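This report concerns one protein chain and its ligand. Please consult the sequence and structure displayed below.

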Amino acid sequence: MEKVIITAAICGAEVTKEDNPNLPVTPEELAEAALEAERAGAAIIHLHVRDQEGKPTQSKEVFAEVIDRMKEKGVTAIIQPSTGGAAGMSWQERIQPVYLKPEMATLDCGTVNFGDEIFVNDLPLMRNFAREMQKYNILPELECFEPGHIYNALQLKKEGLLEGHLHFDLVLGVPGAIKASIKNLLFMVELLPPEATWTVAGIGRHQLPMATHAILMGGHVRVGFEDNIYYTRGVLAESNAQLVARIVRLAGELGREIATPDEARRILGLSWKFYV
Ligand code: KMH
Ligand code: ZN
């Protein structure tokens with residue numbers, strides 16, 4: 001089987017330091033958390049940023065500051081800014097990090113209940129985001145919170161708005177969306193084109209079991225504070241790196257090696273970027 005790409009979703013938009021005091025939010029904390037996660041085995045850093053009050057922002061300037069800080073510290077992982085931001089943000093706010101021309105960015109593939117909120121991603125919004133990413137050669141990670149979102153992504157492909165490799169993030173266990181279970185994971189994976197790659201983000205206590213199934217099934221894994229703040233029941237995680245390190249050990253026991261950032265670039269079809 002292919003090596004496992006581990007994504008560290010280090011911050012997110014919803015979690016606060018009150019939930020877990022170890023959550024990185026300042027540019028320095030985010031850069032340090034990214035470096036530690038990479039050293040532990042992460043090849044992708046899924047990135048949200050916060051303003052000076054710790055609130056979610058999609059400010060291009062803040063993303064630029066955090067990404068620069070990460071690179072200064074020596075982070076070589078693929079940095080994947082969110083274009084989801086937080087529920088309720090306008091599309092104009094959400095799209096800003098695309099204009100920093102990152103290697104990857106998320107592309108949320110449909111509207112979904114998100115706890116008490118609604119996370120709006122209609123097809124015109126998706127087309128607009130996909131078109132802008134296409135313009136800058138950004139590989140979208142196709143975020144699917146429901147099975148129907150996979151069909152939306154395939155619709156964009158049919159319309160010529162997704163070229164090259166398809167990489168999905170199957171998010172299971174968001175309150176209001178598809179539940180995290182093996183049956184649901186299998187069902188979603190079977191809807192994907194055979195040549196696509198996929199990672200799984202299990203929310204809360206589902207992070208570890210979903211990751212384990214993904215390792216066994218040949219998928220990739222996303223962990224981190226965005227999706228889960230606990231190490232085990234009732235015990236807060238100390239760091240994103242701690243959650244990454246557990247996946248590295250688990251994958252080793254189950255016979256899968258871990259992809260380095262450059263190996264992840266090859267698996268995702270990003271390697272050509274080194275030659276332009
Ligand atoms: N914060 C969620 C509403 C993404 O990064 O693209 C959306 C989200 C997805 O986190
Ligand atoms: Zn996110």
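The sections below treat the overall fold dimensions and then the ligand site.

## Overall architecture

The model is predicted. Nine helices and 14 strands make up the secondary structure of the protein chain. Its radius of gyration is 17 Å, close to the 19 Å that the globule rule gives for 276 residues, so the protein chain is as compact as a globular protein of that length. Taken along the principal axes, the box filled by the C-alpha atoms of the protein chain comes to roughly 45 × 45 × 40 Å.

## Location and shell of ligand 1

The largest pocket holds ligand 1. The residues surrounding ligand 1 are E14, H46, H48, S82, G84, G85, A87, T106, D108, F114, F119 and E226. Sorted by class, this shell consists of three nonpolar, six polar and three charged residues.

In E226, a polar side-chain atom is found 2.9 Å from an oxygen atom of ligand 1. Of the 300 Å² of accessible area that ligand 1 has on its own, the protein covers 98%.

Definitions and conventions:
Residues numbered from 1 in each chain as written. Chains lettered and ligands numbered in written order. Predicted model: local features only at pLDDT ≥ 70, side-chain atom pairs only at ≥ 80, totals over all residues. Heavy atoms only, no water. Near = heavy atom within 4 Å. Polar contact = N/O pair within 3.5 Å; in protein donor to acceptor, adjacent residues only side chain to side chain. Areas by Shrake-Rupley, 256 points an atom, 1.4 Å probe, with all protein chains shown as cover. 1 Å grid on protein atoms, 1.4 Å probe; cavity = no way out; pocket = protein on both sides within 12 Å on 5 of 7 lines; lining within 4 Å. Sits in = over half its atoms within 2 Å of the grid points. Nonpolar A, V, L, I, M, F, W, Y, C, P; charged D, E, K, R; others polar. Helix = DSSP H or I, 4+ residues; strand = E, 2+ residues; numbered from the N terminus. Rg over C-alpha atoms; globule rule 2.2 N^0.38 Å.
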